[in-house]
Amino acid sequence: MAEQLAFNKPKVELHVHLDGAIRVETIMDVAKRRRITLPAATVDEMRDVCSLKEPATLTEFLSKFDHYVPVVAGDREAIKRIAYEFVEDKAKQGVIYVEVRYSPHLLANTDVEPIPWQQKQGDLTPDEVVNLVNRGLSAGEKAFKTKARSILCCMRHMPDWSSDVIELCKKYRDDGVVGIDLAGDELMDTESYPGHRRAYEEAVRSGIHRTVHAGEVGPASVVWEAVEILRAERIGHGYHVTEDQALYKRLLDQNMHFEMCPLSSRQTGACDPDFTKHPLIRFQVDKANYSLNTDDPLVLNSNLNLDYEVAQKYMGFTEDEFKRVNVNAAKSCFLPEGEKRELLRQLCEAYGMVGDASP
Ligand SMILES: [Zn+2]
């Protein structure tokens, strides 16, 4: 690409799904090896199948995963490979630190009930999935010099998986896993599905960092629940929190971090498709603590630079705001304090900033 990048400096990304960031070429490759029939014959056709062209609903958005996640699920080589290639892709986009999230259960084919994607029972457990992703990420980190850590996702419609998820977070906390997340249909509240609440209580007890998808398409009350019941330290998206002014104001005062995904919010129908009316503009004016992220670049046919471009073109973001956003992302990341300080130092040096390197 010859065009000018909106922010051609080191970046930090905190909200991106591993299974939403697979290369189309890799899906084609793995399908061929595993003799899986795809609904498309070429990379371009397959890209069309996997991605959304127009703003849709979150349900339509999520249905895209059905076309390609089964190709890599249950396959050791493919899982390690997508983690490794993910780091390479992020390095190319100027990301120096990334937290990538996924549900280990959705890539497994045994020790998971029900077995996802109508796979036949195999011998790949959620535990081994985490191990494979860790191996892929750490090989990628060595090769491409982008630091990569992971967040394990609970799924709202699968509360029985959540106790495994928190146990895996604890088991692998010194091997690349830095936090827990809750993803999926926000209408499934944690009152009715207590498995998630219990997992988050255990996360608090054992010092595992917590983020929650909330207020993306759901109302501000889901953000309230994430903060009050699940004790989230960061909110995934959170656009609709502004509908509850008192809560919004309180979270601003608490310096709550919001993981914002501009292109994603348009394609999922979470926000007005007119970017000049995006809630992110309000967050910017209020000097809120937030980051800019891709969410699911495969499904959105996007990359991080496009999210920055949209922020610059339609939301009035300046170079200084991009710097502030990334410093905030580094301060709000789930790395241990020493590594966080080092990340902040790297950013401040690259941005020509002095002083503000305290986490
Ligand atoms: Zn997400």
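A residue counts as buried when its relative accessible area is under 20%, as exposed when that area is over 50%, and as partly exposed in between, with a 1.4 Å probe and protein chains only. By this criterion Val-95 is buried, because its relative accessible area is 1%. The structure is a predicted model, in which local features need pLDDT of at least 70 and side-chain atom pairs count only at pLDDT 80 or more, whereas totals for chains, interfaces and linings use all residues. Residues are numbered from 1 along each chain as its sequence is written, and side-chain values use heavy atoms, with hydrogens and water left out.

Val-95 belongs to strand S2 (residues 95–102); helices (H or I, at least four residues) and strands (E, at least two) are DSSP runs numbered from the N terminus. Leaving aside neighbours within four places in sequence, Val-95 is in contact (heavy atoms within 4.5 Å) with Lys-11, Glu-13, Lys-90, Thr-146 and Leu-304. Between the C-alpha atoms of Val-95 and Asp-123 there are 34 Å, although the two residues are 28 apart in sequence.

The metal site may be considered next. Four residues coordinate the zinc ion at 2.1 to 2.4 Å: His-15, His-17 and His-213, each through NE2, and Asp-295 through OD. Donors here are N, O and S atoms within 2.8 Å of the metal (3.2 Å for Na, K and Ca), and water is not among the atoms, so sites may look incomplete. The arrangement is irregular because the four donor atoms subtend angles of 85 to 172° around the zinc ion. For comparison, four donors count as tetrahedral if all angles lie between 85 and 135 degrees; four count as square planar and six as octahedral if opposite donors are over 155 degrees apart and all others between 65 and 115; anything else is irregular. Along the chain the donor residues follow the spacing H-x1-H-x195-H-x81-D. His-17 lies in strand S1 (residues 11–17) and His-213 in strand S5 (residues 209–214), so this pair ties together parts that are 196 residues apart in sequence. His-17 is buried because its relative accessibility is 11%, and His-213 is also buried, with a relative accessible area of 4%.

The axes of helix H1 (residues 24–34) and helix H5 (residues 76–92) come within 11 Å and cross at roughly 165°. Axes are lines fitted to C-alpha atoms, for helices over the stretch in contact, and angles run from 0 to 180 degrees between N-to-C directions. H1 and H5 are therefore roughly antiparallel to each other; angles under 35 degrees count as roughly parallel, over 145 as roughly antiparallel, 65 to 115 as roughly perpendicular and the rest as oblique. The crossing of H1 with H5 is right-handed, where right-handed means that the near helix is turned clockwise from the far one by less than a right angle, and left-handed anticlockwise. Thr-26, Asp-29, Val-30 and Arg-33 of H1 meet Glu-77, Ala-78, Arg-81, Ile-82 and Glu-85 of H5.

H5 also packs against helix H6 (residues 126–144): their axes come within 8 Å and cross at roughly 35°, again in a right-handed crossing. Among the residues making this contact are Ile-79, Ala-83 and Val-87 of H5 and Leu-132, Gly-136 and Gly-140 of H6.

Not counting residues up to four places away in sequence, Gly-74 touches Arg-34, Ile-79, Leu-107, Asn-109, Gln-119 and Leu-124.

The loop between S2 and H6 holds Pro-114, and the peptide bond from Glu-113 to Pro-114 is cis, with omega near -5°. Gln-118 lies in the loop between S2 and H6 and has phi near 55°, a positive value in a residue other than glycine. With a relative accessible area of 81%, Gln-118 is exposed.

Helix H9 (residues 220–228) and helix H10 (residues 245–253) have axes that come within 10 Å and cross at roughly 40°; the two helices are therefore oblique to each other. Their crossing is left-handed. The buried residues of H9 are Ala-220, Val-222, Val-223, Glu-225, Ala-226 and Val-227, and their cover includes S5, strand S6 (234–237) and H10. In the loop between H9 and S6 lies Arg-231, which has a positive phi of about 55° although it is not a glycine.
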